[in-house]
Amino acid sequence: MKIYVTRRIPEKGIEMLRKAGHEVLVSGKDGVLTKAELLSALRERTYDALLCLLPDTIDKEVFAVMPKVKIVANYAVGFNNIDLDEAKLRGVVITN
């Protein structure tokens with residue numbers, strides 16, 4: 001799977017994903033991506049998965065630029081930042 005990570009997380013987590021055979025791209029920006037930056041990053045490549053954080057709003061517009069995404073994982077407790085109805089319409093699994 002190709003996974004986009006919206007912000008740096010502990011390297012151990014990234015290593016685990018890579019050791020499992022996934023291609024992982026982590027945002028190089030320190031801090032929260034703006035909506036425009038997130039959309040731009042997701043348009044650059046096709047991703048199977050998105051690992052985001054609570055400040056990242058994952059709404060209809062974001063899902064629209066990720067036509068092949070299968071899963072969105074929130075690196076946090078809860079997932080209030082993710083449009084669950086849109087995810088359900090698209091058959092995307094949401095987890096944290």
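Guide: Start with a definition: two strands pair if DSSP finds at least two bridges between them. Helices (H or I, at least four residues) and strands (E, at least two) are DSSP runs, numbered from the N terminus. The model is predicted: local features need pLDDT of at least 70, side-chain atom pairs count only at pLDDT 80 or more, and totals for chains, interfaces and linings use all residues. Residues are numbered from 1 along each chain as its sequence is written, and side-chain values use heavy atoms, with hydrogens and water left out.

Now the strands. Strand 1 (residues 2-5) pairs with strand 2 in the parallel sense, over four bridges. Val 5 has Val 26 in strand 2 as its bridge partner. The open sheet has five strands, in the order 2-1-3-4-5, with parallel pairing. Strand 2 (23-26) and strand 5 (93-95) are its edge strands, and each pairs on one side only.

Next, a helix. Helix 1 (residues 11-19) lies across strand 1, strand 2 and strand 3 (49-52), and runs at about 150° to strand 2. Axes are lines fitted to C-alpha atoms, for helices over the stretch in contact (heavy atoms within 4.5 Å). Angles run from 0 to 180 degrees between N-to-C directions.

Last, Ser 27. Ser 27 sits in the loop between strand 2 and helix 2 (35-44). Ser 27 counts as buried because its relative accessibility is 5%; buried means under 20% relative accessible area, exposed over 50%, partly exposed in between (1.4 Å probe, protein chains only). Leaving aside neighbours within four places in sequence, Ser 27 is in contact with Tyr 4, Val 5, Thr 6, Arg 7, Arg 8 and Leu 33.
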